[in-house]
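Please view the structure below before reading on.

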Amino acid sequence: MVVNQFNGDILMLYEDLVEVYQDLDSTTKRLEKTDILANFLAKVGEEEPELIPMVTLLSLGRIFPTWSEEELGIGSKLLMKAISKAVGVSPGEVENQMRDAGDIGLAAEELYQKKSQVTLFSRPLTIKKVHRNLVKMAEVSGNRAQFKKIDLLMELLSSASPSEAKYLTRTVLEELRVGVGEGTIRDAISQAFNIPTEVAERAHMLTNDMGLVASVAWKEGEEGLKKLTLKPGKPVKPMLAQLSPGIKESVEEMGWALCETKYDGIRVQIHRHGDKIDIFTRRLENISLALPEITQYIEKSLPHEDFIVEGEIIASRDGKPISFQYMLQRVRRKYEIDKMVSKIPLTIYLFDVLYYHQPTLDEPLQERRKILESLVKVENDRVELSAQVKVHPEEIHRAQDLFELSIKQGHEGIMIKDPQAPYMPGIRGKKMLKLKAEPETLDLVVIGGTYGKGKRAHLIGSYLMAIRDEDDKLKPLAYAATGLDDKTLLELSEMVEPLIESKDGRQVKIVPSIIMEIAFSEIVESPESEVGYSLRFPVVKRIRNDIGLDEIDTLERIKSIFKNSEKS
Ligand code: ATP
C-alpha cells in the first residue's frame, strides 16, 4: 500500500492484486482459490473498502458486470501497439513474442523483463488508478477515442512491472485466466464477510452484480443482502428447466400442472424502466438494438409502466416457425438491421412476469400468469401469451393433446410447470420441466480433434468432446463425427485453428471454448472412458454460440439420461 500524499488515505497497490492473481494461478484447487480471495477481500475491507466492488470484478477478469453495455474497445492489435511503445520495441517484435508465448500476458511479461528496468516503474500503480483508467477507456467516445484510449492505457503500461503488465494486458482483453468463476468468488464473499452461501447466491442471481453483492456484504451483512432485489434495467438469471421423466409422473408429483407449448427460439427478458425498453438474452446480454421491432410491439401491447416480462421470440414463415439458428443470426447482427426486420416477422410468446410495480417473483406461477394476462393489453400475432392448459392428474390427455398440437405446429414440445412455485432465478429445479419430441442432445465442449486424410487432410474430421464432471473438471466423453457440410467444416476448422494448443501427428489438443450440440443414438457404459460412459454414434448437430462454458452438460446429466434409458 501507499499513503496518499494529499489526504493521508491508504491506497492499495495494483501489485497486491497481482500477487493474488499469481497465488490463484499457482493452484487448481477451488477451496484454495476461495481462501486466497476471501483473505484478500477481508484485507480490502479493512484497508480500502471502496475498492471491494472493483476488486471483486477484477478477480473475475471484468471491469463491468456482464450485462453492462460498456466496453473497453481495445483489440489485441491496439494493445500490441501500446506494449511496443511502452517497452520500446517494434510492433512486429511484440507480435512475434505473442506468437511464441501464445498469450498476450506472457508475451508482455517477457518483453518487460528484457527491457532495462530503469525507465519503468516511474510511480507505483494503485488499484484505484488502474480501475479508473480502465473505466475511462470505456467512456471515451468521438473521433479521437482510439488515441485517448491508448493514452490512458499507456499511462498504466509505462508504470507497470513485468508481472503487472502480464495481468493488465490480459484484463484489457478480458482473458484473465486465473481460474476464478462466479461460484468461487461468491464463496469467497461468504467466507470473508460471514454470509450464508445461499444468501450471497440469491443476491447474485437477482442483481447479477457480484461487485454490488460484495460491497453490500461488507457494509450491511446478511440483512443487507436479503434486501437486495431485482430492478427493471438489470437482468436476472433465468429459471431453468429439468427434463420431465413423463407427463403423468410429472403432473402427479406437482399435484396439478400448468402445461405450455415449448417454443424453440431465443429466450428473452424484457425490462421496461421509465421510457426505456431493454431486451436481454438468457446470458444477460443486451440485444435491444438488434431487435427494434420487438421493442415496438412491446411499446404497443404493454402498459407504459415499469415491468420485467419473459418470453421466447421465434421467427416464422407462412405460419411455421423457422430454425432457431435464424434467430441467432438476427440477434448478432449489427448492421442493416432494418432490412432484416421486413424480411421475416418475429413473434414473442410471453410466459412469465418478474416485476410489475414491484417484484412478483415470489408469487406462485398461477398468480404471475394472471398478472401477465392483465399486463398484455393487446394480444396480436406479434405479442402473444404462451399457449397454456391446466392439467389435473385425471385428465393427462389435455397435456398430451397440447404436446401433439405443439409438435404439429412446428414447436419443440411442452413445458410442465408447478403452479404453486415461485420464480427461482438461476435454478434448474423440479418446478419447471421440459418434454421434447426429439431424443435428447448434449451440449459439450471441444477439447481436441483429429485431422482428416487425403482430400480432407486440412480439415478436422472428428472432434473430441468433453463434459463437466462432479469436480467441475472437463473430461473427454467421445469423438464426434462432424455431420456438417464442407463449408461449415471449413469455418469450424478456421475457428479452431487459433485455439490449437499442441499437435501430435493428426491429433490436436484444443483450448476449451467451442461448444457444440451433439446428437447420439445411446449412452453406453464404457470402462475405458475416464468418466465411465461413452456415446454411440455421436454427431455434431450445430455449434452453440448462445451458451457459455459453465452451461455445458454434466456427468450427472449423462448418468440421469443413462438411467432413464435403462428404465424404458
Ligand atoms: P433447451 O435446449 O431444451 O432449450 P436449454 O438449456 O436451452 O434447453 P432449458 O432451461 O433447459 O434451456 O429449457 C427451457 C427453455 O425452453 C427455456 O430456457 C426457454 O428458452 C424455452 N421455452 C420455450 N417455451 C417456453 C415456455 N412456454 N416456458 C418456459 N420456457 C420456454
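Which strands each supply at least two residues of the shell around the ligand? They are β3 (240-243) and β4 (257-262), where strands are DSSP runs (E, at least two residues) numbered from the N terminus. The model is predicted: local features need pLDDT of at least 70, side-chain atom pairs count only at pLDDT 80 or more, and totals for chains, interfaces and linings use all residues. Residues are numbered from 1 along each chain as its sequence is written.

**Ligand surroundings**
- Of the 13 residues around the ligand, Leu240, Ala241, Glu260, Arg267 and Ser386 come nearest; a residue is near a molecule if its C-beta atom, placed from the backbone, lies within 6 Å of it.
- Strand β4 gives the most to this shell, with three residues.
- The shell comprises five nonpolar, two polar and six charged residues, with Asp, Glu, Lys and Arg counted as charged, Ala, Val, Leu, Ile, Met, Phe, Trp, Tyr, Cys and Pro as nonpolar, and the others, Gly among them, as polar.

**Lys262**
- An unreviewed UniProt entry lists Lys262 for "active site"; such annotations may be inferred rather than shown by experiment.
- Lys262 is found in strand β4.
- Lys262 is buried because 24 other C-beta atoms lie within 10 Å, the cut-off for buried being 20 or more.
- Residues that Lys262 touches, not counting those up to four places away in sequence, include His411, Glu412 and Lys434; contact requires C-beta atoms, placed from the backbone, within 7 Å.

**Domains**
- The protein is divided into domain 1 (2-61 + 179-227), domain 2 (76-172), domain 3 (240-436) and domain 4 (442-567), with bounds from an automatic or database domain assignment.
- The centres of domain 2 and domain 3, taken over C-alpha atoms, are separated by 45 Å.

Note on methods
Helix = DSSP H or I, 4+ residues; strand = E, 2+ residues; numbered from the N terminus. Buried ≥ 20, exposed ≤ 12 C-beta atoms within 10 Å, placed from the backbone. Contact = placed C-beta atoms within 7 Å.
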